[in-house]
Amino acid sequence: MIDPSEVRPAPRQVAWQRQELTAFVHFGPNTFTDLEWGTGVDDPAVFDPSALDCSQWVSSLVSAGFRSVILTAKHHDGFCLWPSKFLPHTVAASPYNGDVVAELSAACAAAGLGFGVYLSPADLYQEKAPGGYYGNGSPAVPSVVGGFEYVVDDYNRFYLNQLHELLTSYGPIAEVWLDGANPTGGGQTYAYDAWFDLIRRLAPDATIAIGGPDARWVGNEDGFARETEWSVIPFARGQMLAEQTAVDVAGPELLAKADELRWYPAEVDVSIRPGWFYHATEDAAVKSLPELLDIYRRSVGRNAVLLLNIPPDRRGLFADPDVEALAAFGAAVRSYYDAVVELPGEINVLDLREDIEQGQQVESFAVDALIDGAWSEVARGTTIGHRRLLPLDEAITVADVRVRVLSARTEAAVSLAVHFDPTL
Ligand code: FUL
């Protein structure tokens, strides 16, 4: 029997999880065509931001407490936000004729933010353009990419070349986001092992997320992790045993069937607006502060990383409602969740932590509060992991608090802090 208490994260996974807040930026032809999924044959002439300024994005993200940002360098439509030398369908063919990847990576470096890339495996331009590589039935042949040899077909060679460009020209890459979605359903197999090998060689500290081995999709795009969210995940024959969307991905029955356990924490991707790309019609639908704080508690506060998308508008700037929402969110997190309430005092959120370098051990816990001279239980929960934020049904005034671990895989140190969030 494999012992789940012995599974530990890689150092890159520890660093990734401790960042807590990562921003996502969806930007591209869809911003100008008002689409969510482009066609692959969108005219590059549409990509024409009038006032692009990536440092405006970055200063807004810094004010909101984000630690890194992932850009859609290539979304499913295949248009590239950098002048890739491997295809004509890029910013080089647009009136803008600059390099958004370079602009954003430089702005991130100047502000101390990590920089990551979304490079869509699905690629409608390569599927539809004459001579395109996607699903063209080409044979896998020995191919040299950046001095490394892989046996791959045309599309996988193209994808590796794009990874090589991104990972060697734009400074350190913090995260590579491999989306599993495909608007047309496939017809092309992905040489994941080759992709992962190249990423590890060129960017050993980069988190390979979603389609990759370092972080898994939480299973929804609504902004919440499970109440019970494990980072130790059962696998059999190299595959995760449960679907990523399953209610339970790591419970005892699944653990019993596993032939391997991996540290595979959850990432919660959600947009600040209804869509992933900017649509002027959604300016009034930017999430409110209470909604953003609810997402924060149910993602960061449920042992996951929050990946919050903020889409620039047609100027190439974050729109005013988004900038305002980010500033309010950052201020609220600083004053309600970074700051702790000194006791005695009024509290309405509990904040528990395990040290994930020692794995994830707690299966259930209770918290007691000292009220009017007597201890009584005020909350119960299951997993903790990196961080568990547990709102109380109502605010209470307490002299002290204590945590009782009810069940754990092995002995674990748990810390407890308390907060007051007036928006609850
Ligand atoms: C999905 C994509 O299809 C959406 O367009 C978006 O990029 C989202 C983050 O992932 O799978």
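Residues are numbered from 1 along each chain as its sequence is written, and side-chain values use heavy atoms, with hydrogens and water left out. In this predicted model, local features need pLDDT of at least 70 and side-chain atom pairs count only at pLDDT 80 or more, while totals for chains, interfaces and linings use all residues.

Colleague: What is the order of the strands in the open sheet of 3 strands?

Modeller: Strands here are DSSP runs (E, at least two residues), as helices are (H or I, at least four), numbered from the N terminus. Two strands pair if DSSP finds at least two bridges between them. Strand E16 (374-381) and strand E18 (400-408) are the edge strands, each pairing on one side only. With antiparallel pairing, the order is E16-E15-E18.

Colleague: How many degrees does the twist average from one strand to the next?

Modeller: Axes are lines fitted to C-alpha atoms, for helices over the stretch in contact, and angles run from 0 to 180 degrees between N-to-C directions. From one strand to the next, the twist averages 25 degrees.

Colleague: Which residue in E16 is the bridge partner of valine 367?

Modeller: Strand E15 covers residues 362-371 and pairs with E16 in the antiparallel sense over 7 bridges. The partner of valine 367 in E16 is alanine 379.

Colleague: Is aspartate 372 buried or exposed?

Modeller: Aspartate 372 is found in the loop between E15 and E16, and has a positive phi of about 50 degrees although it is not a glycine. Buried means under 20% relative accessible area, exposed over 50%, and partly exposed in between (1.4 Å probe, protein chains only). Because its relative accessible area is 80%, aspartate 372 is exposed.

Colleague: Why does aspartate 34 count as partly exposed?

Modeller: Aspartate 34 lies in the loop between helix H2 (29-33) and helix H3 (54-63). Its phi is near 65 degrees, a positive value in a residue other than glycine. Aspartate 34 counts as partly exposed because its relative accessibility is 41%.

Colleague: How far apart in space are serine 288 and alanine 236?

Modeller: Serine 288 is found in the loop between strand E12 (266-271) and helix H9 (289-299), and is partly exposed at a relative accessible area of 29%. Serine 288 and alanine 236 are 52 residues apart in sequence; in space, C-alpha to C-alpha, they are 42 Å apart.

Colleague: What is omega for the peptide bond from leucine 343 to proline 344?

Modeller: Proline 344 is placed in the loop between helix H10 (320-338) and strand E14 (345-354). The peptide bond from leucine 343 to proline 344 is cis, with omega near 5 degrees.
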